[in-house]
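Please keep the sequence and the model open while reading.

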Amino acid sequence: ASDAVAVLPRRIARELIGYRPLVIRDLPFPSPDVGTAMTWPRWFDNQPSHRWLRENVEGTAKDLSSD
């Protein structure tokens with residue numbers, strides 16, 4: 001029940017429609033691609049829990065990029 005506006009990647013907006021009554025509209029102008037990066041302090045490189053987290057984030061991101 002709001003007149004709020006958000007700019008989201010289309011695949012995320014399509015997912016949110018399943019949970020909220022949203023309307024998807026195209027932007028009236030071209031939008032540049034936005035890069036994503038994952039960074040961490042080097043001393044976390046060999047910590048098993050941190051490695052597990054990075055691998056899971058990377059795998060999820062690859063799955064999302066195949067849309």
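## Contacts of R54

Beyond its neighbours within four places in sequence, R54 is in contact with M38, W40, F44 and D45. The model behind these contacts is predicted. R54 itself belongs to helix α2, which spans residues 48-65.

Is R54 buried or exposed? R54 counts as buried, because its relative accessibility is 11% and the cut-off for buried is under 20%.

## R54 and the ring of W40

One of these contacts involves an aromatic ring. The charged end of R54 sits over the ring of W40, at 4.4 Å from the ring centre. Along the chain, R54 and W40 are 14 residues apart. Their C-alpha atoms are separated by 9.4 Å.

## Polar partners of R54

Two polar partners of R54 can be named in turn. The backbone oxygen of F44 lies 3.3 Å from a polar atom of the R54 side chain. The side chain of H50 makes a polar contact with the side chain of R54, at 2.6 Å.

H50 is also found in helix α2. At 16% relative accessibility, H50 is buried. Not counting residues up to four places away in sequence, H50 touches W40 and F44. W40 and F44 are also in the contact list of R54.

## A buried charge without a salt bridge

Side chains of opposite charge can pair when their charged atoms come close. R54 is buried yet has no salt bridge. Which side chain of opposite charge is nearest to R54? That side chain is D45, 4.7 Å away.

D45 does have a salt bridge, with R42 as its partner. The closest N and O atoms of D45 and R42 are 3.5 Å apart. R42 has a relative accessible area of 67%, so R42 is exposed. R54, by contrast, is buried at 11%.

## Salt bridges in the whole structure

How many salt bridges does a search of the whole structure find? The search finds 2. One of them is the bridge between D45 and R42. Another joins the side chains of R10 and D26, with an N to O distance of 2.3 Å. This pair links distant parts of the chain, 16 residues apart. R10 lies in helix α1, residues 10-17. D26 lies in the loop between α1 and α2.

R10 is partly exposed, with 42% relative accessibility. D26 is exposed, with 60%.

## The aromatic pair

The count of aromatic pairs comes to 1. W43 and F44 form this pair, and its geometry is edge-to-face. The ring centres are 6.1 Å apart, and the planes are at 65 degrees.

W43 has a relative accessibility of 65% and counts as exposed. F44 has a relative accessible area of 25% and is partly exposed. F44 also has a part in the surroundings of R54, through its backbone oxygen.

L8 is found in the segment before α1. At 42% relative accessibility, L8 is partly exposed. Leaving aside neighbours within four places in sequence, L8 is in contact with A13 and L16. L8 and I24 are 16 residues apart along the chain, and their C-alpha atoms are separated by 9.6 Å.

S49 is found in helix α2. S49 counts as exposed, with 54% relative accessibility. S49 and D33 are 16 residues apart along the chain. The separation between their C-alpha atoms is 31 Å.

Key. Residues numbered from 1 in each chain as written. Predicted model: local features only at pLDDT ≥ 70, side-chain atom pairs only at ≥ 80, totals over all residues. Heavy atoms only, no water. Phe/Tyr/Trp six-rings, centres within 6.5 Å; stacked < 30°, edge-to-face > 60°. Buried < 20%, exposed > 50% of the residue type's maximum accessible area, 1.4 Å probe, protein only. Lys NZ or Arg CZ within 6 Å of the ring centre and 35° of its normal. Helix = DSSP H or I, 4+ residues; strand = E, 2+ residues; numbered from the N terminus. Lys, Arg positive; Asp, Glu negative; His and termini not counted. Salt bridge = Lys/Arg side-chain N within 4 Å of Asp/Glu carboxyl O. Polar contact = N/O pair within 3.5 Å; in protein donor to acceptor, adjacent residues only side chain to side chain. Contact = heavy atoms within 4.5 Å.
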